[in-house]
Amino acid sequence: MTPMRAMVIDDSRAMRMILKRIVTKLNFEAVEAGDGKEAMDLLADMTEVPELALIDWNMPNMNGLEFVTKVRADPRLREMTLVMVTTESEQSQIVRALAAGAHEYVIKPFTEGAMIEKLALLGLVPTGANS
Amino acid sequence: MTLSQAEFTFVANLVRREASIVLAAGKEYLVEARLIPVARAVGAANVNDFIGDLQKRPNPAYQRKIIDALTTNETSFFRDREPFAALTDVVLPELIKSRASVRKLRFWSAASSSGQEAYSLAITLQETLPAGWSFEIVGTDISTAMVERAQKAEYSQVEVNRGLAATQLVQYFERAGAHWRIIPALRKNVSFKHMSLTAPFPPMQPFDVIFLRNVLIYFDVATKRQVLQNAAKILRPDGLLFLGAAETTIGIDDNYERVAAGRTSAYRTRTAAPAGAARRG
Amino acid sequence: MSVEVEVDESDLAEMVEQVWESYLDPEGVSPLIPTYDENQPSEVHSSVSITGSWTGHVVYASSRAAAKRAAAAFLAMELEEVSEEDMSDTLGELANIVGGNVKAMLPPGAQLSLPQVVLASESSARYPNAQRISGVYGMWEGEPVSISMWQVSTDNKEEGA
């Protein structure tokens, strides 16, 4: 079985390293992008669509909300699970992201355990993987 | 480290006695970091003076401040998940049939601590019960500080990041400064009271479901048996008792039998009426 | 008309503790111990600016040793492996996370800038017209670290008068 793949989209290299470490621990193969535009370009060249994307909100070129909207408009990318990972924590922002098509929302700062629990909620890791 | 071992022990004992929370070894610096702002707020010169004064003259208000400072982020919403999944998938569909005439459910969250379990139950019921049904959730805890915290219903960002789906966060919470507070519409069905599980129980209306999780482990066998016997008296004959994953009634109180509940198990009293039997009341 | 700041020192302290719990001290064994010393020295700093419903800066400042340790904890590296870039990226992200959370507590319409990192001492001259309104000052494993908020006084008071 080929491993599941996760895109980590954040303009902060430090945050990408944290997220990459967590998904790698969960046996995902990680693909990094520095903004939404770069992520869309990478997706265009991929024959197999990653199962998961962890997406920052505030990024140059194409922000996370625009990325989510574009992914949702593309039938080829329908199966991707989209998780916003951002400091944007006003309730109205969470509602906007969910309305645009994000499946889950993790507020920074997050613990590794919280991220794993969210992915478990989405059925991407077995429950109890954190214990 | 400015806290002496004796001072740390005094604080740890206070928190265990008043809030039933055990401060793990190795967290001495964290305790110190959280007590410094408390000491400063009450005008003590430093944390040593603050604890020293408290050892000489107990001060309930200060003790409360210490407990509040040291007992955050200790539990999460939908802890262990399985019991909640069992409610949604198996238990509630059954109860919706058997309680069709009253259309009201009563749940007990025993040892409710800061209230996450009681509110997780409320969210589960809110999302599962058909229109026209109502529910009541009673949380009880031995710590009045914890009862007040649960009534306040405010949780930190770290606490709401865990266990809750994003849709639940936006639907059942509202921002309150740096915190998130359960909305009044959900809070109105949940109440919290002070109660010791090891003392004789106060009079309570019977419950359809009791969550008594991860608390029996702290008691000796005789106390466990007494708590289970008291709980049986306020559990409806066909109601269910949920214990922690590492707990059981087996070998302690044989009036209960274990029954499957989704991917986990729960307990029913052996006098349980067969399904479909007429109920009074 | 200037907006009343709704972020007080205890809110800031809570955010800072959450950053420690999440990234810098997940085991809860080496927290930031409060000193309340506003004049503690610093060698490196990072900041984000907020404009809109509130205007000001959120600033991280610490010794180099603390910054290096922060990067090592954040990036799961050995202390010796930490490069200047690692330190700079980590400090930028720390300011960004605290700043983003501060922004979420302000009235709608606030914008967050990209983080700026200066691997040199913090100086109040960097923030013209800004006044420190709250801060968390402490020692982390014996090294000074602070997170503070600076409000920029806007000169458009007559609009609200």
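**Close-up views of a predicted three-chain model**

Across the interface of chain A and chain C, seven residue pairs are found in polar contact, with both partners at pLDDT 80 or more. The legends below refer to a predicted model.

**View 1. The side of chain A that meets chain C is drawn with its charged pairs and its leading helix.** Helix α1 of chain A, residues 13-25, gives the most to the side of chain A that touches chain C, contributing six residues. The residues on that side of chain A divide into seven nonpolar, four polar and six charged. Between chain A and chain C the count of salt bridges is six, and one salt bridge joins the side chains of A:Lys108 and C:Glu93, with a distance of 3.7 Å from N to O.

**View 2. The extent of the contact between chain A and chain C is shown by residue and by area.** Chain A brings 17 residues to this contact and chain C brings 22 residues, and the area buried between chain A and chain C is about 1700 Å², with carbon and sulfur atoms giving 54% of it. Of the area that chain A buries against chain C, 33% is supplied by A:Arg13, A:Thr87 and A:Pro109, which is more than any other three residues supply.

**View 3. The contact between chain B and chain C is shown with the residues of chain B that lose the most area.** Here 18 residues of chain B are in contact with 16 residues of chain C, and the area buried between chain B and chain C comes to about 1500 Å², of which carbon and sulfur atoms give 56%. On the chain B side, B:Arg40, B:Val158 and B:Ala178 lose the most area to chain C, and together they account for 26% of what that side buries.

View 4. Three residue pairs are counted in polar contact between chain B and chain C, with both residues at pLDDT 80 or more. In chain B, α2 (28-41) and α8 (157-161) each supply at least two residues of the side that touches chain C, and the largest share of that side, eight residues, comes from α2(B). The residues of the side of chain B that touches chain C divide into seven nonpolar, six polar and five charged.

**View 5. The fold of chain A is traced from its N terminus.** Chain A holds five helices and five strands, and from the N terminus on its elements run β-α-β-α-β-α-β-α-β-α. The radius of gyration of chain A is 13 Å, close to the 14 Å that the globule rule gives for 131 residues, so chain A is as compact as a globular protein of that length. Along its principal axes the C-alpha trace of chain A spans about 35 × 35 × 25 Å, and 58% of the 131 residues of chain A count as buried. Among the contacts in chain A between residues at least 6 apart in sequence, 61% join residues at least 24 apart.

**View 6. A:Glu104 is shown with its surroundings in chain A and chain B.** A:Glu104 has its place in strand β5 of chain A, residues 104-107, and A:Glu104 is buried, with a relative accessible area of 4%. Leaving aside residues up to four places away in sequence, A:Glu104 touches several residues, among them A:Leu82, A:Met84, A:Leu121, A:Leu122 and B:Ala165. A:Glu104 and A:Val83 stand 21 residues apart in sequence, yet their C-alpha atoms are 4.7 Å apart in space. The side chain of A:Glu104 makes a polar contact of 2.9 Å with the side chain of A:Lys118, while the backbone nitrogen of B:Ala166 lies 3.1 Å from a polar atom of the side chain of A:Glu104.

**View 7. Helix α5 of chain A is shown with the elements that cover it.** Helix α5 of chain A, residues 112-121, is mostly covered, with eight of its ten residues buried; the buried residues include A:Met115, A:Ile116, A:Glu117, A:Lys118 and A:Leu119. What covers the buried residues of α5(A) includes α1, β3 (52-55), β4 (81-86) and β5 of chain A, together with α8 and α9 (166-172) of chain B. Just after α5(A), A:Gly123 takes a positive phi of about 75 degrees.

Definitions and conventions:
Residues numbered from 1 in each chain as written. Chains lettered and ligands numbered in written order. Predicted model: local features only at pLDDT ≥ 70, side-chain atom pairs only at ≥ 80, totals over all residues. Heavy atoms only, no water. Contact = heavy atoms within 4.5 Å. Buried area = accessible area lost by both parts, 1.4 Å probe. Salt bridge = Lys/Arg side-chain N within 4 Å of Asp/Glu carboxyl O. Polar contact = N/O pair within 3.5 Å; in protein donor to acceptor, adjacent residues only side chain to side chain. Helix = DSSP H or I, 4+ residues; strand = E, 2+ residues; numbered from the N terminus. Nonpolar A, V, L, I, M, F, W, Y, C, P; charged D, E, K, R; others polar. Rg over C-alpha atoms; globule rule 2.2 N^0.38 Å. Buried < 20%, exposed > 50% of the residue type's maximum accessible area, 1.4 Å probe, protein only.
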